[in-house]
Amino acid sequence: MKILITGGAGFIGSHVVRLFVNTYPNYTIHNLDKLTYAGNLANLTDIENQPNYQFIKGDIVDAAFITALFEKEQYNAVIHLAAESHVDRSITNPLEFVMTNVIGTVNLLNAAKSLYNKGAGPFKRFYHVSTDEVYGALGETGMFTETTAYDPHSPYSASKASSDHFVRAYHDTYGLPAVISNCSNNYGPNHFPEKLIPLCINNILNNKPLPIYGKGENVRDWLYVIDHARAIDIIFHKAKAGSTYNIGGHNEWTNINVIRLLCQILDKKLNRPAGTNEKLITFVTDRAGHDLRYAIDATKLKQDLGWVPSVTFEQGLDATVDWYLNNSEWLNNVTSGNYTHYYEEQYAKR
Ligand code: NAD
Ligand code: TYD
């Protein structure tokens, strides 16, 4: 089986690539990535020389390039993760999200459809990795299920909702064997420090303020990235064409409590007196259109395919902090250069 994984140099993609390359030596894994600010080949140094792995630098928005690549390689399956993924960037520059997340996805669907129609390959699976943010925001109660109506609010979630709709349309109209999963917030090693948890780890290490939007009462349902990759493996191999699965950890936390826990873990690991890091917490202007709460009901995935998360939040967060402490070169590299400019733009006026 020859599989194209897109966005495999990013946070979640690199864990998916690693899991597939190591678990399935008989599969050929191609990793297609544009290497935007979020893509980093340093995430994959441990597997870059494996005989069943190849990296391809390219842009999914370039239709001619994608068509030629699929014709040449005759893929049997696609696992599509390439995307612009940060809500705050989508508020600043929505069009880039339409280009990569919508147009890029449709380019991949067209190329996959033409292989599927030929029936030669054969093309077996188009897997779209998506987000629970397509469902909008919950109030104090309730959970997202696979039948919750789409109600995206941010330009990011609107672009992901649109790409989900296109994937379903290609299944319903052309019979493309597509599946979708919608996952809650991930955390773990290799997470780019624009997102809440790695941004605050980096700021604690540098004794910088921890910017909490609004009152810190927004709730997210956190899942360890390796558990997400395990779910993708199971869904890829076992889900019926046309199906959707929600993935989540039953692990809801307010932002302020996540950051308090992180401060406590890092007080201990950095030998700082208890309470030192919490003094860095700073409440800043809220995100526009900030969704109050996300929570995933992952019962279908558990009942149909037997997936459950393997680590608790405390274990996962502890392992994540250790990863950042042991990979200071990675962190220094991604926070030099353009990151400083991004940080100034996002936070200086907040
Ligand atoms: P990321 O931003 O860390 O990585 C995205 C990757 O896509 C990068 O390697 C980047 O170089 C690549 N890319 C971007 N534009 C491209 C283009 N035009 N052509 C080719 N490659 C391109 O994102 P992530 O957090 O790893 O998320 C991966 C996927 O999972 C996304 O589709 C995202 O919507 C989805 N998702 C993320 C989360 C989360 O919590 N991070 C949760 C659920 C779903
Ligand atoms: P983020 O990691 O950007 O993920 P998402 O917006 O996709 O859920 O944000 C997680 C939560 O943390 C979200 O409620 C916004 C909040 N947040 C802050 O309070 N401060 C920050 O600096 C960032 C980046 C996020």
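Helix H6, spanning residues 196-205, is mostly covered, with eight of its ten residues buried. The model is a predicted one. The buried positions of H6 are Ile197, Pro198, Leu199, Cys200, Ile201, Asn202, Asn203 and Ile204. Their cover includes two strands, E7 (186-187) and E8 (210-213). It also includes helices H8 (255-269), H10 (313-326), H11 (328-334) and H12 (338-347). Just after H6, asparagine 207 adopts a positive phi of about 55°.

The largest nonpolar core contains 45 residues. Those with the most contacts inside this core are Ile3, Ile5, Phe20, Ile79, Tyr127, Ile235 and Ile247. Strands E1 (2-6), E4 (77-80), E5 (125-131), E6 (178-183) and E11 (244-247) each give two or more residues to this core. A second, separate core holds 35 residues, including Ile204, Leu261, Leu331 and Tyr343. Ile204 is also among the buried residues of H6.

Isoleucine 5 touches Val16, Val17, Phe20, Ile29, His30, Asn31, Leu32, Ile79 and Leu81, leaving aside residues up to four places away in sequence. Two of these partners, Phe20 and Ile79, are themselves listed with isoleucine 5 among the residues with the most contacts in the largest core.

Aromatic pairs number 22. In one of them, the ring centres of phenylalanine 192 and tyrosine 339 lie 6.0 Å apart with planes at 70°, so the pair is edge-to-face. Phenylalanine 192 belongs to the loop between E7 and H6, and tyrosine 339 to helix H12, so the pair ties together parts 147 residues apart in sequence. Both residues of the pair, phenylalanine 192 and tyrosine 339, are buried.

Arginine 89 lies over the face of tyrosine 37, at 3.6 Å from the ring centre. The charged end of lysine 113 sits over the ring of tyrosine 174, 4.6 Å from its centre.

Ligand 1 is surrounded by 28 residues. The closest are Ile12, Asp33, Ser85, Tyr156 and Lys160. A backbone N or O atom of lysine 34 lies 3.1 Å from a nitrogen atom of ligand 1. Threonine 100 places a polar side-chain atom 3.3 Å from a nitrogen atom of the ligand. For asparagine 186, a backbone N or O atom lies 2.9 Å from an oxygen atom of ligand 1.

Note on methods
Residues are numbered from 1 along each chain as its sequence is written. Chains are lettered from A and ligands numbered from 1 in the order in which they are written. This is a predicted model: local features need pLDDT of at least 70, side-chain atom pairs count only at pLDDT 80 or more; totals for chains, interfaces and linings use all residues. Side-chain values use heavy atoms; hydrogens and water are left out. Buried means under 20% relative accessible area, exposed over 50%, partly exposed in between (1.4 Å probe, protein chains only). Helices (H or I, at least four residues) and strands (E, at least two) are DSSP runs, numbered from the N terminus. Contact means heavy atoms within 4.5 Å. A nonpolar core is a set of buried Ala, Val, Leu, Ile, Met, Phe, Trp, Tyr and Cys residues joined through side-chain atoms within 4.5 Å. Rings of Phe, Tyr and Trp (its six-membered ring) pair if their centres lie within 6.5 Å; planes under 30 degrees apart count as stacked, over 60 as edge-to-face and the rest as tilted. A charge sits over a ring if NZ of Lys or CZ of Arg is within 6 Å of the ring centre and within 35 degrees of the ring normal. A residue is near a molecule or strand if one of its heavy atoms lies within 4 Å of it. A polar contact is a pair of N or O atoms within 3.5 Å; within protein, one must be able to donate a hydrogen and the other to accept it, and residues adjacent in sequence count only if both atoms are side-chain atoms.
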